[in-house]
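Please consider the sequence and the model shown below.

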Amino acid sequence: MTQAATRRYEITHRTTYRYSDVVTGSYGRGYLTPRELPGQRRLSHELLIEPEAADSSISRDAYGNTSSYFHVTEPHRTLTVTGHSLVEVDPPAPDLYEGPAARAPWEISRPVGPDGALACEFTLDLAPPEITDEVRAYAAPSFVPERPLIEVLRDLNSRIFRDFTYRSGSTTISTGVAEVLAAREGVCQDFARLAIACLRANGLAASYVSGYLATDPPPGKERMIGVDATHAWASVWTPQNQWLGLDPTNDQLVDERYVVVGFGRDYADVPPLRGIIYTESESSVIEVSVDVAPN
């Protein structure tokens, strides 16, 4: 078996807004800066705003994510926000998914006592609540008593992958887990949020992770530029203060193909971009292009 190696990616994330009338002012905030983490190094990052921002700043939120703010005062009909990053990602440590933390009964990973104090926030339900009787019932087959945590995660991952259809445009950022569960379709953020609700329903600490997934072209085909996308997955805390990442959209455990931008309790904590504009414009179009290229 070929051993996985550290991978380096050049990431370009471009968002273009086009308006039917002049915009006199744009305020924006977003999470587009890959994180510095054990096993992930941000070698460079720049954020370009066109037209140029009159004011901009960066800050860190409560979870250590980098938040970028900008204010464009030049009148415009088109606004383009482009993040350029160079990132290195190591393969998971050999014992991450097969070591003592992962092989222990899943119940042991419920955060308790001083060691679990910081993780307890990630066990809490959202408002409005996402943990319903239907979510508990869907989660139940995976959470067999005394089952190793890693087997619970793999089973839940695989069931969501099998039971739900990926359908772009079938949901919005405000679609709730209950709606996704009923419709049996959605996109990556929906499947991540469903997995998180199932994990929290059983007392585990789970976070929502936003970032990028490097996709390799089929054999014999060239890479298509700009057709990648932002991605979302879930991560579960263990008492060793390790976080085990699972991606139900692809039935994968997180490895060196995944680049973390931010994490929090839900999508609303780490949206790529959001903002306010001042305009008489009656319509607008948004175009997003993401390229995750091996470097």
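**From a buried helix to an enclosed strand**

In this predicted model, helix α3 has Leu149, Ile150, Val152, Leu153, Leu156, Asn157, Ser158, Arg159 and Ile160 as buried residues. The helix comprises 15 residues, 149-163, and spans 21 Å from its first C-alpha to its last, close to the 21 Å expected at 1.5 Å a residue. The cover over the buried residues of α3 includes the helices α1 (100-103), α2 (133-139) and α5, together with the strands β9 (230-237), β10 (243-247) and β11 (252-253).

In soluble globular proteins, nonpolar side chains tend to be buried together. Here the largest nonpolar core has 65 residues, and those with the most contacts inside it are Leu79, Tyr138, Ile160, Phe164, Leu194, Leu199 and Tyr212. Helix α5 (residues 188-201) gives the most to this core, contributing 9 residues. Apart from this core lies another, of 5 residues, among them Tyr63, Ala119, Phe122 and Trp237.

What surrounds Tyr138, once its neighbours within four places in sequence are left aside? Tyr138 is in contact with Leu156, Arg159, Ile160, Asp163, Phe164, Leu181, Arg184, Leu194 and Cys198.

Attention now turns to the strands. Strand β4 (residues 66-72) has 7 of its 7 residues buried, so it is largely enclosed by the rest of the structure. Both of its faces are covered: Thr66, Ser68, Phe70 and Val72 are buried on one side, and Ser67, Tyr69 and His71 on the other. Strand β1 (residues 7-30) runs antiparallel to β4 and is joined to it by 5 bridges, with Ser26 opposite Val72. Strand β3 (residues 55-60) is likewise antiparallel to β4, through 6 bridges, and Ser57 stands opposite Tyr69. The hairpin of β3 and β4 has 5 residues between the strands, and there Gly64 takes a positive phi near 85°.

Gln40 belongs to strand β2 (residues 40-50). Is Gln40 buried or exposed? Gln40 counts as buried because its relative accessibility is 3%, where the cut-off for burial is under 20%. Its side chain reaches the backbone oxygen of Val260 at 2.8 Å. Beyond its neighbours within four places in sequence, Gln40 is in contact with Pro34, Arg35, Val87, Glu88, Val89, Tyr258, Val259 and Val260.

Key:
Residues numbered from 1 in each chain as written. Predicted model: local features only at pLDDT ≥ 70, side-chain atom pairs only at ≥ 80, totals over all residues. Heavy atoms only, no water. Core = buried A, V, L, I, M, F, W, Y, C linked by side-chain atoms within 4.5 Å. Buried < 20%, exposed > 50% of the residue type's maximum accessible area, 1.4 Å probe, protein only. Helix = DSSP H or I, 4+ residues; strand = E, 2+ residues; numbered from the N terminus. Contact = heavy atoms within 4.5 Å. Expected span 1.5 Å × (residues − 1). Polar contact = N/O pair within 3.5 Å; in protein donor to acceptor, adjacent residues only side chain to side chain. Pairing = 2+ DSSP bridges.
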